[in-house]
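User: I would like to go through the labels used for an interface and test each one against its definition.

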Amino acid sequence: MWRALVAVTLITAGCSSGPPPPLTLALSGLDSTPLSDGQDVLLEPGAQGGFHVWLSWRAEGMEPAELQLERTARRLSDDKVVLRTSGAVREPGGTLPMFMCPTPIGISVVDQPIVFRLSLADASGARLAAGAITLVPHCPDDGQREFCERICTGG
Amino acid sequence: MNTSGTLLLAAVTLLAPRLAEACGCLALPSPATNVVQAGERILFHKDGDNVVAYIQVQYTGDADNFAWLVPLPSVPTLEIGTDELFDRLGTTTLPRYTLTTTRNFCNGGSSSTKSSGFGCSENASFSGGNFNPSSSSDMNAASADAGALVERSSVGPYDYAVLKADDQSEMLKWLNDNRFFVPAGTDAAIKPYIRPGAYFLAIKLKAGESTGDIVPVIVKYKSDLPMIPIILTQVGAVPNMGIQVYVLGKHRATPRNYHHTVLDDMTVWLTTDSYNGALIRAAKEAPKRHTFLTEYAGPSSLMRNVLVPAGRFGNLATLRAISSPSQYLAYLRNNTYRFDPTLLAILLRHLPMPDELVQKGVTPLQYYANYDSFQQQLSKDAGPPPQVTFDPIACTDEIDMRIVTPTKKTQALFDQHPFLTRLYTALSPEDMTDDPVFGENPDLPEVPLEHTATVTIPCRGQSFIRSDQGFESQYPNLTAKLPASARIEILRDAGPAEVVTDNRKDIGDALGPVNYGDSDDDKQQAPQPLKPQTETPACGCRMQDGSGDYASVFLMLGALVMVARPRRKRPSAVRR
């Protein structure tokens with residue numbers, strides 16, 4: 001069954017002066033609203049006619065440096081990739097739209113549990129921390145519903 | 001229409017006849033006005049959380065009628081780019097088709113000739129208009145009672161406005177009130193983009209600007225993935241409108257919600273289809289007619305030093321100190337400044353053409369390229385010309401701001417992003433129902449520019465061709481009814497391509513059995529059994545500047561000439 005919340009911790013590689021503090025990555029909703037595994041979320045109208053799910057992230061213990069934030073979304077039922085993207089970050093947290101729709105061909109995200117994973121890596125690609133949460137996106141119950149269902153169901 | 005305008009229209013039309021509006025909507029002055037946009041090309045890259053889109057609008061028509069709408073998810077920043085980017089990208093990433101002809105002589109010898117690649121001329125013959133030097137954005141915040149208006153400003157030759165897209169009627173009213181005209185059909189087309197928190201960018205030429213001043217726009221906005229708002233483009237789009245997309249990133253770009261087609265290169269080698277015709281046919285064969293073809297996917301280093309090779313632009317301090325117009329123009333030429341519409345417009349402003357020459361129909365390009373000759377001619381005709389007032393500092397400042405700095409900044413993109421993907425599709429208005437979005441897949445192979453085939457002329461019998469896609473046929477073979485797609489597939493953000501339609505068998509059947517003829521060394525020359533090369537994606541072949549159609553015919557003719565050459569008589573001594 002769905003477990004409440006969300007944090008996975010990995011530890012950076014050690015150095016001669018002793019291991020650095022663990023880097024923890026926590027996920028939440030817009031405005032840091034707590035999210036729980038399996039929670040229903042709205043597909044928010046967004047980028048140029050698309051729909052997305054808002055996710056906030058915060059890395060505890062992140063020292064000022066440029067790190068790579070990799071984000072993926074996979075459908076729980078079959079592990080199909082809905083989104084995979086990455087970018088450089090300097091701040092220890094932020095809020096990002098997880099691009100959902102238009103969905104890849106043949107992959108619906110509407111009412112489907114989607115596993116969102118965020119991970120931080122250093123310049124060498126070594127993973128420093130990761131977090132994951134499963135959310136169930138739904139189309140909004142307004143004038144956008146029909147359009148949402150058309151472009152979010154992989155048709 | 002003046003000469004300048006005519007030349008510009010001709011140049012634009014010749015250079016990009018099948019490139020099309022691909023991002024946003026060209027708004028027209030009235031529903032009765034015909035669509036006159038010649039094309040558009042887009043380059044996307046990510047910058048942190050932002051998508052950056054370089055958009056080249058190719059438009060033919062009156063400057064007063066030019067207006068352009070782009071839906072955006074956030075308030076954008078706007079800059080002016082350089083035309084040269086797309087010209088250089090187009091030629092540098094153009095697929096190259098090379099046909100090798102091998103002739104097997106009956107005495108046991110053989111010879112090979114190669115006809116390769118497609119040339120591509122550069123657009124050096126634009127003429128300029130009256131360019132307004134303002135290239136800095138005059139940020140005028142919207143007043144509190146401005147309704148949909150968020151920001152109104154200007155950049156380069158453009159006036160632009162950022163409008164809230166949460167109320168359609170309010171936004172359209174603002175556009176109409178402010179002469180950003182909206183064509184019939186826009187109401188329905190913009191509906192998907194009307195929502196709280198969304199925005200529209202509306203652009204038009206400043207009063208007094210000419211269409212020669214239309215330069216690429218760089219739009220930067222917060223978003224995850226690049227998207228082309230093609231639904232809006234259906235307003236005024238023409239059938240089979242071509243869309244050229246370049247994506248810079250870490251990995252090969254993929255069409256997320258469109259299929260992907262691998263062109264059947266045998267349509268290029270064998271049929272009388274134009275390249276564009278083959279691509280359009282391939283696009284039509286895909287489900288929903290939604291597909292992209294990858295023309296190149298590989299290192300972006302292909303473009304390194306292409307825009308700004310070492311020494312280009314010289315030393316601006318030196319340029320600022322040259323007060324002689326003749327020497328100033330010579331310095332520009334010697335340091336490979338491109339006499340494109342942007343530079344010509346700047347020169348027209350700082351070093352105007354004599355009215356006498358304008359009236360004679362001399363173009364700005366002709367004038368500045370042959371400045372000394374024209375000055376001598378004018379002196380001969382009417383005595384020494386009046387002293388020309390020329391401010392090299394002001395002129396150079398503008399050249400720096402409008403040309404040198406943007407070009408260097410653009411060149412740096414290819415150092416920042418290691419991978420470049422070039423994609424193409426053609427869509428008709430009725431098919432513009434889904435906005436294409438682009439992702440990345442690190443698991444996909446590169447797509448090279450080179451495409452090869454070999455025509456073998458045997459000692460006796462008919463020639464045959466073998467392509468690098470693994471197909472072979474008698475040559476020529478104009479009767480084969482070939483599908484234009486070798487494969488139609490789905491590209492994900494990870495993993496290999498998922499093949500939806502594999503036409504290899506149909507293509508093989510259509511090509512028919514091959515008779516390899518007869519020669520002394522048949523054993524050595526006979527092709528090996530056909531081996532499908534599923535891991536080597538093919539790519540489309542299309543001339544970005546419109547000469548591809550001719551190139552294909554040229555190539556075919558070249559090959560046919562080889563086939564038609566009289567065979568060398570075999571000495572009886574070696575006849576078997």
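Analyst: Buried area is the accessible area (1.4 Å probe) that two parts lose on being put together, summed over both. Chain B and chain A bury about 2600 Å² between them. Carbon and sulfur atoms carry 49% of it. Arg195(B), Asp224(B) and Arg256(B) supply 27% of the area that chain B buries against chain A, more than any other three residues.
This is a predicted model: local features need pLDDT of at least 70, side-chain atom pairs count only at pLDDT 80 or more, and totals for chains, interfaces and linings use all residues. Residues are numbered from 1 along each chain as written, chains are lettered from A and ligands numbered from 1 in written order, and side-chain values use heavy atoms, without hydrogens and water.

User: What makes residues of chain B count as in contact with chain A?

Analyst: The test is heavy atoms within 4.5 Å. By that test, 34 residues of chain B are in contact with 33 residues of chain A.

User: Why is the pair Arg71(A) and Asp224(B) called a salt bridge?

Analyst: The rule wants a side-chain nitrogen of Lys or Arg within 4 Å of a carboxyl oxygen of Asp or Glu. The side chains of Arg71(A) and Asp224(B) meet at 2.4 Å, N to O, so the pair qualifies. Across the interface of chain B and chain A the rule finds three salt bridges.

User: Which classes make up the side of chain B that touches chain A?

Analyst: That side has 16 nonpolar, four polar and 14 charged residues. Asp, Glu, Lys and Arg count as charged.
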